[in-house]
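Subject: Structure handover

Hello,

Here is the structure for you to look over. My notes on what was found follow below it.

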Amino acid sequence: MFRNKITKEDLIKWITENKILDYTLLGDSVHPELIKRSSDVAVFLCRNQSFQIEYIDKIWTQNHDKHETTQLALYEFFKTVSPYLSFQGIEKLYSHISAIPYSKYNENIVSMIKTFTESAL
């Protein structure tokens, strides 16, 4: 029998089992557009308490020191996702943001910090 309806639990299970965020956010050949578009998947997982906060470390570590367009996509990703992170996720993201030297601050970083701060309150 063929099912007509996919539940959110089915979708969460499929995203997790198929490591969708791994393919779109991690690795050497990740495209900035994939990073930006993956925020919808991450928000869906966050809203359903299924986003693994270890991804924050993985995503940040894999992308923060790459080309400027990749960094911009990373900041945009976290601007979108941060309002939906758990308290532990906010703490983890804060640890990465606070490690950015002031000499590296630019408009994009300040914008991400602004959104993050509003989300954390």
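**Helix H6**

Helices (H or I, at least four residues) and strands (E, at least two) are DSSP runs, numbered from the N terminus.

This is a predicted model, in which local features need pLDDT of at least 70 and side-chain atom pairs count only at pLDDT 80 or more, while totals for chains, interfaces and linings use all residues. Residues are numbered from 1 along each chain as its sequence is written, and side-chain values use heavy atoms, with hydrogens and water left out.

The buried residues of H6 are Thr70, Ala73, Leu74, Tyr75, Phe77, Phe78 and Val81. Buried means under 20% relative accessible area, exposed over 50%, and partly exposed in between (1.4 Å probe, protein chains only). These buried residues of H6 pack against H2, helix H3 (32-37), H4, H5, H7 and H8; contact means heavy atoms within 4.5 Å.

**Nonpolar core**

A nonpolar core is a set of buried Ala, Val, Leu, Ile, Met, Phe, Trp, Tyr and Cys residues joined through side-chain atoms within 4.5 Å. The largest one has 31 residues, and those touching the most other members are Phe51, Ile59, Trp60, Phe77, Phe78, Leu85 and Leu93. Two or more residues each come from helix H1 (8-17), helix H2 (20-25), helix H4 (39-47), helix H5 (54-63), helix H6 (68-81), helix H7 (87-97) and helix H8 (107-120). H6 gives the largest share of this core, six residues.

Leaving out residues up to four places away in sequence, Phe51 touches Leu21, Ala42, Leu45, Cys46, Ile56 and Leu85. Leu45 is in helix H4 and counts as buried because its relative accessibility is 4%. Beyond its neighbours within four places in sequence, Leu45 is in contact with Ile12, Ile15, Leu21, Ser50 and Phe51.

**Cavity and pocket**

On a 1 Å grid over the protein atoms alone, a cavity is a set of points where a 1.4 Å probe fits but cannot get out; a pocket is an open set with protein on both sides within 12 Å along at least five of seven lines, and lining residues have an atom within 4 Å of a point. The whole structure has one cavity of 30 Å³ or more. Glu68, Gln71, Leu72, Tyr75, Asn106 and Asn108 line the largest cavity, and H6 supplies the largest share of that lining, four residues.

The largest pocket has a volume of about 250 Å³, taken as the space filled by probe spheres set on the points, with grid points joined across faces, edges and corners. Its lining is Trp60, His64, Asp65, Gln71, Tyr75, His96, Ala99, Ile100, Pro101, Lys104, Asn106 and Ile109.

**Two loop residues**

Most residues other than glycine have a negative phi. Lys19, not a glycine, has a positive phi of about 50 degrees. Lys19 lies in the loop between H1 and H2 and is partly exposed, with a relative accessible area of 45%. Gln49 also has a positive phi, near 50 degrees. Gln49 sits in the loop between H4 and H5 and is exposed, at 70% relative accessible area.

Regards
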